[in-house]
Amino acid sequence: MIDHHSFGWRSLRLLVTVVAVLAMGTVAVVSGASAASAKCKPNRPNDGKAYWDGWERTPNSTVGGVYSQIYNYSPWVRDTSGVSAWVMLNNTSSKWAQDGWLESTGGVRYTFVQWTDSGGAAHEKWFSAQPVGSYSYYTTLWNNPSGKFSFQVNSRTIDTESAAFTPNEAEIFGEIPSLWNQMPGAKQNYENFQDSHIYISGWQNFSGTNYNTGGSNFGNSHVDSTRTDIWDNACQT
Amino acid sequence: MGQRMPNLKISRRLALVTVGAVTALAAFGATFAAAATPSPGPTLSSATGADLVQDGIQLQNPTSTATVSQAAAQQTALQAFLGSSVRETVLANFSDTHHVPAINALAWAVSLTFPSGINPTSEGPPPGHPGLKLSYLVVFIDATTGAFIEATSKG
């Protein structure tokens with residue numbers, strides 16, 4: 001025996017529920033896509049100078065590693081340039097090892113690793129990218145394994161290279177090659193560097209000092225000892 | 001005088017045998033060396049073998065045939081780095097043992113160049129390296145699937 005009246009109400013409620021869930025899903029997908037592709041042309045001149053926004057830590061002792069969970073933001077990139085966000089181990093400004101995301105012309109994206117050799121030359125590799133709009137842990141380790149820099153994405157080693165120096169600094173930055181480009185992040189859609197840590201005889205909160213080379217063009221916010229957000233002041237969302 | 005003639009004959013025979021043996025040995029050695037020493041793999045004029053080996057990358061002679069054309073691979077490489085142009089392309093058995101896990105694939109190695117002053121990568125820590133110019137940029141395209149494998153550069 002089927003109660004057609006009751007079945008009708010149940011069907012209607014089920015239909016309403018399904019429609020509501022689908023609608024919420026659609027809104028979520030649309031807003032997610034919107035956030036992920038929040039490109040914004042800053043309308044600034046091409047000054048040909050690179051800029052950085054983020055935070056750094058200089059403990060004046062050996063730094064064995066750095067990691068941060070970085071939002072895979074998709075910025076506006078002018079022709080034939082690359083905008084990036086990354087973690088880095090370095091010793092002065094001429095020796096470094098880093099990995100992170102990089103977006104170049106036409107929305108082409110990579111996971112990149114870069115390091116300097118004993119002669120001071122910079123080497124780089126580009127691999128397939130993490131999804132836009134997601135968060136990924138990017139990690140650079142020194143001397144683990146011995147004598148190597150190892151580069152990780154989401155705690156998985158993707159590449160190891162010979163380490164030609166001992167790091168004593170760590171940096172976590174967004175970088176643009178000229179003012180034409182959008183610094184990762186917007187006023188209402190920050191680029192997040194969260195759960196950031198540094199290895200100094202053990203893992204500890206990054207607790208870095210915010211550093212912005214672009215003045216009022218960019219913003220940053222030291223949220224807590226493991227998180228700093230950055231954005232481009234020319235962009236709202 | 002009479003005793004000298006046989007000695008001379010023996011010396012001539014000995015000399016002939018020696019020359020023959022040396023020639024045979026030399027020919028055998030050359031053949032053996034050619035067989036034992038692998039012929040050099042594909043090379044790029046823009047990136048030396050030493051450069052690539054430093055990054056864990058080796059190019060060896062291809063042992064199979066590409067199903068993706070050279071032109072198609074070049075097009076994929078150019079799309080990966082818009083604004084660049086092709087310097088040279090070789091087909092090789094490509095390996096990157098510094099990648100985890102190691103990569104082994106039949107690949108097109110497409111060497112690209114950028115217009116002067118263009119650098120599609122990070123300048124390192126502040127204050128950066130404005131004069132940083134890539135001496136090479138090589139893109140590896142899977143010659144079986146046409147997919148981007150990785151790219152490598154030095155600056």
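This is a predicted model: local features need pLDDT of at least 70, side-chain atom pairs count only at pLDDT 80 or more; totals for chains, interfaces and linings use all residues.

Trainee: Okay. What's the order of the strands in the open sheet of twelve?

Mentor: Going across, the order is E13(A)-E1(A)-E10(A)-E3(A)-E4(A)-E5(A)-E6(A)-E5(B)-E4(B)-E3(B)-E2(B)-E1(B), and the pairing is antiparallel.

Trainee: And which ones are the edge strands?

Mentor: Those are strand E13 (209-212) of chain A and strand E1 (57-60) of chain B, since each of them pairs on one side only. On average, neighbouring strands in this sheet are turned by 25° against each other, ignoring direction.

Trainee: What holds strands together in general?

Mentor: Strands in a sheet pair through backbone hydrogen bonds, in either a parallel or an antiparallel way.

Trainee: Let's look at the chain A end. How many bridges are there between E1 of chain A and E13(A)?

Mentor: Four, in the antiparallel sense, with E1 of chain A covering residues 51-57. One spot to look at is A:Gly54, which stands opposite A:Tyr211 in E13(A).

Trainee: Now the place where the chains join up. How do E6(A) and E5(B) run?

Mentor: They run antiparallel, joined by four bridges. Look there for A:His123, which stands opposite B:Lys154 in E5(B).

Trainee: How much area do chain A and chain B bury between them?

Mentor: About 2,900 Å², with 57% of it on carbon and sulfur atoms. In terms of contacts, 41 residues of chain A touch 34 residues of chain B.

Trainee: How many residue pairs are in polar contact between chain A and chain B?

Mentor: There are 21 of them, counting pairs where both residues have pLDDT 80 or more. The side of chain A that touches chain B has 17 nonpolar, 16 polar and eight charged residues.

Trainee: And how many salt bridges between chain A and chain B?

Mentor: One. In that salt bridge B:Asp96 meets A:Lys125, and their closest N and O atoms are 3.0 Å apart.

Trainee: Why would side chains like that pair up?

Mentor: Opposite charges can pair when the charged atoms come close.

Trainee: Switching to helices: what does helix H3 of chain B lie across?

Mentor: Helix H3 (residues 70-80) of chain B lies across strands from both chains: E4 (95-104) and E5 (108-116) of chain A, plus E2 (85-96), E3 (103-113), E4 (136-142) and E5 (148-154) of chain B. The helix runs at about 65° to E3(B).

Trainee: What about phi? Is it positive or negative at A:Asn60?

Mentor: Positive, about 55°, although A:Asn60 is not a glycine. This residue is in the loop between E1 and strand E2 (65-71) of chain A.

Trainee: Which residue takes a positive phi in the hairpin of E8(A) and E9(A)?

Mentor: A:Asn154 does, near 50°, and the hairpin has two residues between its strands. Strand E8 (residues 148-153) of chain A runs antiparallel to E9(A), with six bridges joining them. There, A:Phe151 stands opposite A:Asp159 in E9(A).

Note on methods. Residues are numbered from 1 along each chain as its sequence is written. Chains are lettered from A and ligands numbered from 1 in the order in which they are written. Side-chain values use heavy atoms; hydrogens and water are left out. Two strands pair if DSSP finds at least two bridges between them. Axes are lines fitted to C-alpha atoms, for helices over the stretch in contact, and angles run from 0 to 180 degrees between N-to-C directions. Contact means heavy atoms within 4.5 Å. Buried area is the accessible area (1.4 Å probe) that two parts lose on being put together, summed over both. A salt bridge is a side-chain nitrogen of Lys or Arg within 4 Å of a carboxyl oxygen of Asp or Glu. A polar contact is a pair of N or O atoms within 3.5 Å; within protein, one must be able to donate a hydrogen and the other to accept it, and residues adjacent in sequence count only if both atoms are side-chain atoms. Ala, Val, Leu, Ile, Met, Phe, Trp, Tyr, Cys and Pro count as nonpolar, Asp, Glu, Lys and Arg as charged, and the others, Gly among them, as polar.
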